[in-house]
Amino acid sequence: MIDLRSDTVTKPTAGMLAAMAAAEVGDEQEREDPTTNELQRRAAELLGHEAALFLPTATMANQVALRTLSRPGSKVVAEERTHVLVYEWGGPAIHSGLVMQGLVAEAGRPTPDQVAAVDELGPGSVVVLENTHRSSGGRVWPLGEFRATVAAARERGAAVHLDGARLFNAAVAAGEPPSAWGELADTVTVCFSKGLGCPFGAVLAGSAETIERAWEGKFLLGGALRQSGIAAAAMLYALDEHVERLADDHARAKRLAEGIGIDPATVETNFVPIPAEPGLRERLAERGVGVGGLRPGWLRAVTHLDIDDEDVALAVERMQEVLSVPA
Ligand SMILES: Cc1ncc(COP(=O)(O)O)c(C=O)c1O
């Protein structure tokens with residue numbers, strides 16, 4: 001099966017497993033795990049912040065960020081199909097007592113005017129911006145537009161959290177460092193178990209003071225581990241070995257799109273959006289190609305570390321048969 005359902009399906013490589021096996025470890029809760037400490041130092045620098053915190057998942061990183069930045073009874077405002085509003089099981093309401101408000105926005109990017117028009121947005125509230133934006137098909141938020149929306153949130157007194165689960169994809173696609181977006185937000189999440197190919201792991205970056213308070217949320221949610229250096233070693237390995245190669249995933253996604261008759265201009269990173277027809281996903285699975293859900297009415301084919309040029313060529317061949325693409 002050519003598994004294009006998600007970039008989360010990757011298995012750790014031999015090099016990554018070797019790095020994990022060789023990791024120097026200690027008790028993370030005592031802040032004595034040297035590999036985790038090194039990961040946090042490097043991640044903070046890469047994301048344009050003073051400090052960073054290792055967390056097992058990006059969901060937990062988002063939830064810890066919201067709890068740290070907000071006051072119960074205030075709002076979390078985000079584009080209506082962001083991960084934090086749709087896929088985190090009501091976490092903002094449950095863990096932080098927040099009122100969840102979604103904005104309908106082109107390419108997952110609320111404009112400054114939209115943020116300016118939200119009622120009851122003020123200190124204690126958080127605006128969440130997602131880059132790349134998953135449900136619009138891995139779209140990249142242009143830096144100038146992002147900066148303007150951040151400024152609109154600040155104008156209202158709200159904090160800004162960047163869900164940059166796939167921020168490295170955005171950075172590689174745009175030719176900007178991840179800190180270019182990261183430093184503009186109060187906190188930023190990056191996930192390592194997607195394009196970067198780790199089995200699990202995320203980081204949350206922010207000011208030293210914010211990250212100190214975030215430790216409380218990490219303990220509260222059960223995310224304070226012990227010898228987390230095993231995971232951190234994989235994450236450090238991924239920073240060295242798996243960032244630049246994201247460009248290959250992006251090129252392969254474009255090639256796949258072209259091959260199956262999707263406009264390659266709609267492919268900015270590693271997602272290929274495919275209009276869904278009843279039974280299409282099952283028919284593709286029967287032909288040995290796995291695709292995932294993107295949003296209602298749309299499927300996605302996602303390239304990643306475990307998909308090479310041959311896989312793309314074969315996937316195109318098999319998908320053409322099912323999609324009846326003109327030759
Ligand atoms: C944009 C975005 N944020 C957060 C997450 C959550 O990541 P995790 O599975 O590590 O909790 C995902 C995962 O799919 C995502 O796409």
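Predicted model: local features only at pLDDT ≥ 70, side-chain atom pairs only at ≥ 80, totals over all residues.
Seven strands make up an open sheet in the order 2-8-7-6-5-3-4, and the pairing is mixed. At the edges stand strand 2 (51-55) and strand 4 (99-103); each has a single partner strand, so one side of each is left without a neighbour in the sheet. From one strand to the next, the twist averages 20°. Strands of a sheet pair through backbone hydrogen bonds, in either the parallel or the antiparallel sense. For strand 6 (residues 159-163) and strand 7 (residues 187-191), the sense is parallel, and three bridges link the pair. Leu-162, for instance, has Val-188 in strand 7 as its bridge partner.

Helix 3 is next. Spanning residues 58-69, helix 3 runs for twelve residues and reaches 16 Å from its first C-alpha to its last, close to the 16 Å expected at 1.5 Å a residue. Helix 3 is mostly covered, with ten of its twelve residues buried. Among the buried ones are Met-60, Val-64, Leu-66 and Leu-69, along with Asn-62, Gln-63 and Thr-68.

Then there are the charged pairs. Side chains of opposite charge can pair when their charged atoms come close, and the structure holds 20 salt bridges. One of them joins Glu-212 to Arg-31, with the closest N and O atoms 2.8 Å apart. Glu-212 sits in helix 10 (residues 208-220), while Arg-31 is in the loop between helix 1 (14-21) and helix 2 (34-47), so this pair ties together parts that are 181 residues apart in sequence. Glu-212 is partly exposed, at 44% relative accessible area, and Arg-31 also counts as partly exposed, at 38%.

Arg-42 forms a salt bridge with Asp-240, the closest N and O atoms being 2.9 Å apart. Asp-240 belongs to helix 11 (residues 229-241) and Arg-42 to helix 2, so here the pair ties together parts that are 198 residues apart in sequence. Arg-42 is partly exposed, with a relative accessible area of 23%. Elsewhere, salt bridges with shared partners join Glu-38, Arg-41 and Glu-45 into one network. Arg-41 and Glu-45 are four residues apart in helix 2, which means they are separated by about one helical turn. Arg-41 is partly exposed at 45% relative accessible area, whereas Glu-45, at 57%, is exposed.

Definitions and conventions: Residues numbered from 1 in each chain as written. Heavy atoms only, no water. Helix = DSSP H or I, 4+ residues; strand = E, 2+ residues; numbered from the N terminus. Expected span 1.5 Å × (residues − 1). Buried < 20%, exposed > 50% of the residue type's maximum accessible area, 1.4 Å probe, protein only. Pairing = 2+ DSSP bridges. Axes fitted to C-alpha atoms, helices over the stretch in contact; angles between N-to-C directions. Salt bridge = Lys/Arg side-chain N within 4 Å of Asp/Glu carboxyl O.
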